[in-house]
Amino acid sequence: MTQRASAATQRRSVGRQLKAARELHYADRRNKEMPVADAAAALRVNPRTIRRLENGEVKPNYTLVESACRLYGIPPESAARILEMVDQADEDEWHEKYRQDIAPWLVQLLDLEAVADRIHIVESLVPGVCQTPAYAAALASKNPKHVDDPDYARRVAEIRGRRAQNVFGRRTNEVFIILDEAALLRQIGGAKTMAEQVAHLRAIDSHPNVRIRVLPFDEGATAAHKGSFTILEFDNVKEPDLAYVETYLAGQYSVKPTVLDELRGRYASLMAQAIDLKEYER
């Protein structure tokens, strides 16, 4: 794992250690939410800052982490190791220059998909990591927030390209994608753009570590009626698997076993209904 890629996992590790120390420090409290509020008040930050730090969603602030270590009574040697990880987690990522174009909640996904050992994706449109520049630009052109920014579509296409490089440029990971048939038939950008996009998907599917399946309309009702989702899995036992679901307003992450079990069950059901892209013809 490269130093740049490890910054994401370092952030998660710092967050997990701080959360464990906080919960131990406030172990006598019955209300689990109160320790977050109390810690935030003692550290003079918003409770949301504590949660985002513990979830690895943001770069850890050195001064804040140092203060938290003192507040929670973390032994000096352990605190020094945590602060060393903070330095490593503070390294700038490739997407920093696109900050104005990337939703804040998407950053963690961009970091972790680049280091995940297995990625499971369920989508009704072509996933961002699989989009051609023309397809990505066509979608971006419909974003009402950027109609007056002629360069926005180009930047989005660059972001999609870098994500693809991070995910499909590796051969040690595995990527499993289930697409609704609508993703292949909806004419995003017109017939030429869609023909190129489908050809690109077939090229990706030819990679030995990638499998793309299609959920045909003929299957009727499916377990994906509540929307798209992504599951990231890690071989490192210290790195918990992660579920990601996105809406128009926010992205939600969860490492809860109940959530992961629910989505894995849905994924297994969808896999049983789907057919390999290699077999798909329309």
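Which residue stands opposite L242 in β5?

What we have is a predicted model, where local features need pLDDT of at least 70, side-chain atom pairs count only at pLDDT 80 or more, and totals for chains, interfaces and linings use all residues. Numbering starts from 1 along each chain as its sequence is written, and side-chain values use heavy atoms, leaving out hydrogens and water.

So, the answer: it's L232 that faces L242 in β5. Strands β4 (residues 229-233) and β5 (residues 242-246) run antiparallel, with three bridges joining them. For us, strands are DSSP runs of E, at least two residues, and helices are runs of H or I, at least four, numbered from the N terminus. Two strands pair if DSSP finds at least two bridges between them.

Now zoom out. The sheet is open, with mixed pairing and seven strands ordered β6-β5-β4-β1-β2-β3-β7. At the edges sit β6 (251-254) and β7 (275-276), each pairing on one side only. Helix α10 packs on this sheet, touching β2 (174-180) and β3 (210-215), and its direction makes about 135 degrees with that of β3. Contact here means heavy atoms within 4.5 Å. Angles run from 0 to 180 degrees between N-to-C directions, using lines fitted to C-alpha atoms, for helices over the stretch in contact.

Q10 counts as buried because its relative accessibility is 14%; the cut-off for buried is under 20% relative accessible area, with a 1.4 Å probe and protein chains only. Leaving aside residues up to four places away in sequence, Q10 touches M85, Q88 and A89.

How values were computed: Buried means under 20% relative accessible area, exposed over 50%, partly exposed in between (1.4 Å probe, protein chains only).
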